[in-house]
Amino acid sequence: MADLTVEQLLQHELLECNPDLPLCKAAQLMRENSCSSIVIVEENEAVGIWTEKDALAIDFSNEASFSLPIRVVMSSPIASVAAGESMHNVALRFQQQGLRHPLTAMDSEAKAVSPR
């Protein structure tokens with residue numbers, strides 16, 4: 001795995017939403033698509049990400065939380081990596097920085113990096 005590049009592990013289909021989507025709708029989209037994260041896109045640019053782990057930090061005992069726009073709780077900015085970078089280097093950097101979800105841009109389109 002250490003010899004693999006980011007490009008070799010790209011996930012081309014990403015679940016996306018706009019920053020004003022309520023959390024309940026974002027969670028519904030994630031469930032319907034069996035996806036553990038959703039990329040928040042504004043004006044064709046990835047501006048944030050929201051993950052299952054992020055959802056654990058929200059107090060859903062307060063019903064108002066369900067209608068919060070996802071922009072309020074998304075992680076931003078998104079860490080990006082170069083397509084040609086080695087997965088070894090990415091793993092080390094992300095471990096040191098406590099990050100989990102890198103994105104890369106190829107052909108002006110965001111792609112997620114994930115193990116196959």
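Reader: Which residue in E4 is the bridge partner of Glu42?

Author: Glu45 in E4 is the bridge partner of Glu42. Keep in mind that this is a predicted model.

Reader: How do I read strand pairing, and how many bridges join E3 to E4?

Author: Here is the general idea. Strands of a sheet pair through backbone hydrogen bonds, and the direction is either parallel or antiparallel. Now the case here. E3 and E4 run antiparallel, and 6 bridges join them.

Reader: What is the order of the strands in the open sheet?

Author: The order is E2-E3-E4. That makes an open sheet of 3 strands with mixed pairing.

Reader: Which strands stand at the edges?

Author: Strand E2 (16-17) and E4 do. Each has a single partner strand, so one side of each lacks a neighbour in the sheet.

Reader: Where does H1 lie?

Author: Helix H1 lies across E3 and E4. Its direction is at about 80° to E4.

Reader: Let me step back. How many helices and strands does the protein have?

Author: There are 3 helices and 6 strands. Read from the N terminus on, they run β-β-α-β-β-α-α-β-β.

Reader: Now the inside. Which residues touch the most other members of the largest nonpolar core?

Author: That core has 15 residues. Cys17, Ala26, Ile38, Ile40, Trp50 and Ile70 touch the most other members. Helix H1 (23-32), strand E3 (37-42) and strand E4 (45-51) each supply at least two residues of the core. H1 gives the most, with 3 residues.

Reader: Take Ile40. What does Ile40 touch?

Author: Leave out residues up to four places away in sequence. Among the residues that Ile40 then touches are Cys17, Val47, Ile49, Trp50, Ile70 and Met74.

Reader: What share of the protein's residues count as buried?

Author: Of 116 residues, 34% count as buried. The accessible surface of the protein comes to about 7,300 Å². Carbon and sulfur atoms hold 48% of that surface.

Reader: How do I describe an aromatic pair?

Author: A search of the whole structure finds 1 aromatic pair. Phe60 and Phe66 form this pair, 4.9 Å centre to centre. Their planes are 40° apart, and the pair is tilted.

Reader: Why do Phe60 and Phe66 count as partly exposed?

Author: Partly exposed covers the range between buried, under 20%, and exposed, over 50%. Phe60 has a relative accessible area of 29%, so Phe60 is partly exposed. Phe66 has 37%, so Phe66 is partly exposed too.

How values were computed
Residues numbered from 1 in each chain as written. Predicted model: local features only at pLDDT ≥ 70, side-chain atom pairs only at ≥ 80, totals over all residues. Heavy atoms only, no water. Helix = DSSP H or I, 4+ residues; strand = E, 2+ residues; numbered from the N terminus. Buried < 20%, exposed > 50% of the residue type's maximum accessible area, 1.4 Å probe, protein only. Areas by Shrake-Rupley, 256 points an atom, 1.4 Å probe, with all protein chains shown as cover. Phe/Tyr/Trp six-rings, centres within 6.5 Å; stacked < 30°, edge-to-face > 60°. Core = buried A, V, L, I, M, F, W, Y, C linked by side-chain atoms within 4.5 Å. Contact = heavy atoms within 4.5 Å. Pairing = 2+ DSSP bridges. Axes fitted to C-alpha atoms, helices over the stretch in contact; angles between N-to-C directions.
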